[in-house]
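Student: I would like to go through this model one question at a time. Please show me the structure before we start.

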Amino acid sequence: MAVRPAGDFKITYPQDMALLDTAFNRWGFLLLVGALVLAPAWLGNYIFLLTTIGVFAIGATGLALLTGFTGQISLGHAAFMAIGAYASALLTGGWGLPFLLSLPLAGIIAFLFGAAVALPSLRIKGLYLAIATLAFQFLTEYTIIHAAGQGLGAISVRAPRIGPWVMRSEVQFYYVLLAVWLASGIFAANLVRSRIGLALMAVRDRDYAAQVMGINLLYYKALAFGLSAFYAGIAGSLWAHYNRVITIEHFTLVTSIDYVAMIVMGGLTSVWGPHLGAAFVTALSQGLRIIAPLVITVLPAFAKIATPLREIVFGSILIALLIWEPGGLATLLRKLKRYVDLWPFSY
Amino acid sequence: MVKEALGVARIYTCNSLMEPILRGEDLHLSFHGIHAIQGVDVDVAPDEIFGIIGPNGAGKTSVLNCINGFYHPQRGRIIFEGQDISRMPPHTRAHLGIARTFQNIALYPGMTVLDNIMTGRVIRMRSGVLACGVYRGPAEREQVRHRRIVEEIIDFLEIEFARDHRVADLAYGIQKKVELGRALAMDPKLLILDEPMAGMSMDEKADMARYVLELKEVRRLPMILIEHDMGVVMDLCDRIMVMDYGRKIAEGSPAEVQRNPDVIRAYIGEAVPV
Ligand SMILES: Nc1ncnc2c1ncn2[C@@H]1O[C@H](COP(=O)(O)OP(=O)(O)OP(=O)(O)O)[C@@H](O)[C@H]1O
Ligand SMILES: [Mg+2]
C-alpha cells in the first residue's frame, strides 16, 4: 500500500525558500513548459497569439517589479518598450549588429532611460509620479515621430539572425522568444525572493522605515525603474523583430494602460501575475475583436457599445477584480487550487 | 552580581574614561517657529541603557530623529564613534550601525514576519542584481546564511508561531516584537527604542524588558530608550535624561533624577514612582 505523506515537509532552508516549493508546483511547471514547447504543433497559425502573450508577459514582468513590488506607478511603460524596439532596429539595421547582441543592448539602453526617469521619483509620489511618467510617454512618442521624419515613426526591422542562420518562420521566432520568456520570468522570480526583492518591497511598504534599515531609496527606486525599463526594452526589441515593421502606434499610451491592466488583473504581488495578466488581456482583446462585428450584425441595437466594447469589458473586469479580488488572477487560481484540494470539505 | 559589575562600569562612564559611542552637542531644531529641541547635549556610553523621558511633546522623538538622520538640527553636531555624522542621510547612518524602532509601529505590512526581519539583513548581504537573478550559487548560499541568523532572532523573541504571517494580521504586541527583531537583524552598534512598550499588556511589557536586559548583558548592546512607563524606565536605564519643552532639565542615575525638584515640577500631577 502506498502511503502519501500528509503534506510537503520542508527540512532545509533552501527547500523552504525554493520557487516551486511543492511537488504539485514542480510538476505543474514542467507540464506548462512542456505544453509551451509543443504548442506550435497544435496551435498552427494561432501561434501568433502565444508569441504576443510572451512578448507582453516579458514587458509586464518589468512593470510588476516596479509597481507590484516597489510600489511605483508608471503610465510610461510602453515608452520604454518603444525605446528598446527602435534601439534594436537601429542597432541591427544601421550598425549591422547581430540580433543576439542588439537584444540585451536594447534592454540596457532602456534601463538607462528608466533609471533617469526615476530621479524625480524621490520627491514625487503616487499620482504625481504617474503624471510624470505620462509626460515621459508623450515626450517619447513625440521625439520618435519627429526623429523618424516620416509618418508615425514607421521603420522596417531586419529579420533576426543568429550567426548565419536567419529566422524566417513564426515558429523559429517563437522558440527564441520562449527561451527569453522563461529566462526573464525566472530571473524576476529570483530577484523577488532575494535581497533585492526584500529591499524593493520595503520601499513599497514603508519608505522611511526602509531608509532606517540602510536602504538607499534613490538607488533602489532607480534600480526598479531601470529593471522595469530593461524588461520593457527586451519586449520592445522582440516585438520589433517579430513585426518587422514598427510604428509608434505599437507603443502608445493605450499600450501603457494595457500593461497596467495586465499586472492588476494578473495579480500585483505575484510572480505569476504578469504572465497570467498578459495571457488574459491578449486573449480577451483578440476574442473581443472577433465578437465586436458579430454584436453589430446580430444585435444592431447594441452597435453603439460594440466599438468601445474592449474598453467597457476591460473596465468592468478591472473594477470587479479591485472590489472582489485585489490579488488578481494569481490569487483566484490559488484559491481554486485550495478549493479543489480540500473538496468536498470547505476547510 | 551582574548589577554590581555594571555599577562599576557606570562609575567609569561618569568619569568619562570611556569614550561615548554617541554624542550630540548643542542640538537645536525648530519647525516653523516651534522649538522642538533647544540646546540639548547627549552622551551615550558604549555599555549603557540611556533613557529619555519627559511629557508629551517634550522633544524626545525629535532627538531620535536627529540621531538617525530624519531631521537635520539647525545647530549642533552629532558624533557617532568619533565620526561627525551630522550631514549623513539616514541610510548611511544605518550602515554605520544605528538601528531604531518607531513610536507608531512602522513595519512592512504586506510582508511576512520572516521577510520583515530579513530586510534588516539586506545591508549585511552583498549579492548584486545578477547574482540575485540567477540565485543558484552565491546568492542562495548567502540567503541561507542570513536566514539562519534571522531564525535565531525569531527564537529569541519567541515569535516562531507568527513566522509566516503577514504582520498586518498580527496583534499589536507581537508587531512591536517584530519591529525589535527587524532592528536587531541589522547587527546594530547602537539600538534606539522609541516607546517599545507603549500600549502593551503587563506580560508583554515584562517580555520586552527581559529582551532589553538580555541584549544589554549578553550582547553588550548600548541602547537609547524612550518610555512613558516610569517603573520600566527606572528599572532598565543606567542613566536618564529628562526633557521638557525641548530642553534638558535633568540628567543622571534613576535615583538622582527622581529626586530632582525640576523633574518633579515638570511631572506635577504625575507622581514620579520611587
Ligand atoms: N515634523 C514635524 N513638523 C512640525 N512639528 C513637529 C514635527 N516633529 C515634531 N514636531 C513638534 O516638536 C515637538 C516635539 O515633538 P516630539 O515628537 O519630539 O515629542 P515627544 O517628546 O516624542 O512626545 P511624545 O511623548 O508625545 O511622543 C512637538 O511640539 C511637535 O509638535
Ligand atoms: Mg515621541
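Tutor: Helices are DSSP runs of H or I with at least four residues, numbered from the N terminus. Ile291(A) lies in one of them, helix α12 of chain A. Keep in mind that this is a predicted model.

Student: Is Ile291(A) buried, partly exposed or exposed?
Tutor: Buried means under 20% relative accessible area and exposed means over 50%, with partly exposed in between. The relative accessible area of Ile291(A) is 41%, so this residue is partly exposed.

Student: Which helix of chain A gives the most to the nonpolar patch?
Tutor: The patch covers about 730 Å² of surface, and Ile291(A) is one of its residues, along with Ile290(A), Leu294(A), Val298(A), Leu299(A), Phe302(A), Ile305(A) and Ile312(A). Four residues come from the helix that spans 273-298. That top contributor is helix α12.

Student: How much area do chain A and chain B bury between them?
Tutor: The contact draws 31 residues from chain A and 40 residues from chain B. Carbon and sulfur atoms account for 68% of the buried area. The area is about 3100 Å².

Student: Which residue of chain B forms a salt bridge with Asp16(A)?
Tutor: Between chain A and chain B the count is one salt bridge. A salt bridge needs a side-chain nitrogen of Lys or Arg within 4 Å of a carboxyl oxygen of Asp or Glu. Here the closest N and O atoms are 2.7 Å apart, and the partner of Asp16(A) is Arg147(B).

Student: Which element gives the most to the side of chain A that touches chain B?
Tutor: Between the two chains, 11 residue pairs are in polar contact, both residues at pLDDT 80 or more. On the chain A side, the elements giving two or more residues are α1 (13-16), α7 (170-193), α8 (195-205), α9 (207-212) and α10 (217-243). With eight residues, the one that gives the most is α8(A).

Student: Where is His32(B) found, and is it exposed or buried?
Tutor: His32(B) is not a glycine, yet its phi is positive, near 40°. It is found in the loop between β1 (22-31) and β2 (34-44) of chain B. Its relative accessibility is 85%, so His32(B) counts as exposed.

Student: What is the phi of Glu81(B)?
Tutor: Glu81(B) is found in the loop between β4 (75-80) and β5 (83-84) of chain B. At 44% relative accessibility, Glu81(B) counts as partly exposed. Although Glu81(B) is not a glycine, its phi is positive, at about 50°.

Key: Residues are numbered from 1 along each chain as its sequence is written. Chains are lettered from A and ligands numbered from 1 in the order in which they are written. This is a predicted model: local features need pLDDT of at least 70, side-chain atom pairs count only at pLDDT 80 or more; totals for chains, interfaces and linings use all residues. Side-chain values use heavy atoms; hydrogens and water are left out. Patches are made of residues with over 30% relative accessible area and no salt bridge: like charges are joined within 9 Å, nonpolar side chains (Val, Leu, Ile, Met, Phe, Trp, Tyr) within 5 Å. Accessible areas come from the Shrake-Rupley method with a 1.4 Å probe; for residues, only the protein chains shown count as cover. Buried means under 20% relative accessible area, exposed over 50%, partly exposed in between (1.4 Å probe, protein chains only). Contact means heavy atoms within 4.5 Å. Buried area is the accessible area (1.4 Å probe) that two parts lose on being put together, summed over both. A polar contact is a pair of N or O atoms within 3.5 Å; within protein, one must be able to donate a hydrogen and the other to accept it, and residues adjacent in sequence count only if both atoms are side-chain atoms.
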